[in-house]
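Please look through the sequence and the model below.

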Amino acid sequence: QVQVVESGGGLVEPGGSLRLSCAASGTIFTIYNMGWYRQVPGKQRELVADITRGGTTTYAGSVKGRFTVSRDNAKNTVYLQMNTLKVEDTAVYSCHADLGVGLGAPTYWGQGTQVTVSS
């Protein structure tokens, strides 16, 4: 059994910063990719940022230069530092942890944390 729990969401003004954390726990041997997606009502979930076990990162174009993803492999934790937040960053942010690679690999998701950017 694997649990994935996010924290750190909230309300922030435009231009502000937030840091999200996501910890995976349970029966885990190796976590490969970890990362963050976001979703707003009526739209598809979209990739925000991903990071491999070795630290290679991928970002959505809309957040590049403003968001930074990092991870602590010893703690099975991934972080998302969000700076210069915009109203359009408002969404539910969900974390995933991949316990395998390739098609059909087990992926676990958290419940999501709300980020609201508003003045």
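A salt bridge here is a side-chain nitrogen of Lys or Arg within 4 Å of a carboxyl oxygen of Asp or Glu. The model is predicted, so local features need pLDDT of at least 70 and side-chain atom pairs count only at pLDDT 80 or more, while totals for chains, interfaces and linings use all residues. Residues are numbered from 1 along each chain as its sequence is written, and side-chain values use heavy atoms, with hydrogens and water left out.

Side chains of opposite charge can pair when their charged atoms come close. The count of salt bridges is 3. Arg38 pairs with Asp89, with the closest N and O atoms 3.0 Å apart. This pair links distant parts of the chain: Arg38 is in strand 4 (residues 34–39), and Asp89, 51 residues away, is in the loop between strand 8 and strand 9 (91–98). Strands are DSSP runs of E, at least two residues long, numbered from the N terminus.

Asp89 also forms a salt bridge with Arg66, at 2.8 Å from N to O. Arg66 lies in the loop between strand 6 (57–59) and strand 7, so this pair ties together parts 23 residues apart in sequence. Arg38 forms another salt bridge with Glu46, the closest N and O atoms being 2.7 Å apart. Through shared partners, Arg38, Glu46, Arg66 and Asp89 join into one network.

Asp89 is buried at 1%, Arg38 at 6% and Arg66 at 10%, whereas Glu46 is partly exposed at 35%.

Terms used:
Buried < 20%, exposed > 50% of the residue type's maximum accessible area, 1.4 Å probe, protein only. Helix = DSSP H or I, 4+ residues; strand = E, 2+ residues; numbered from the N terminus.
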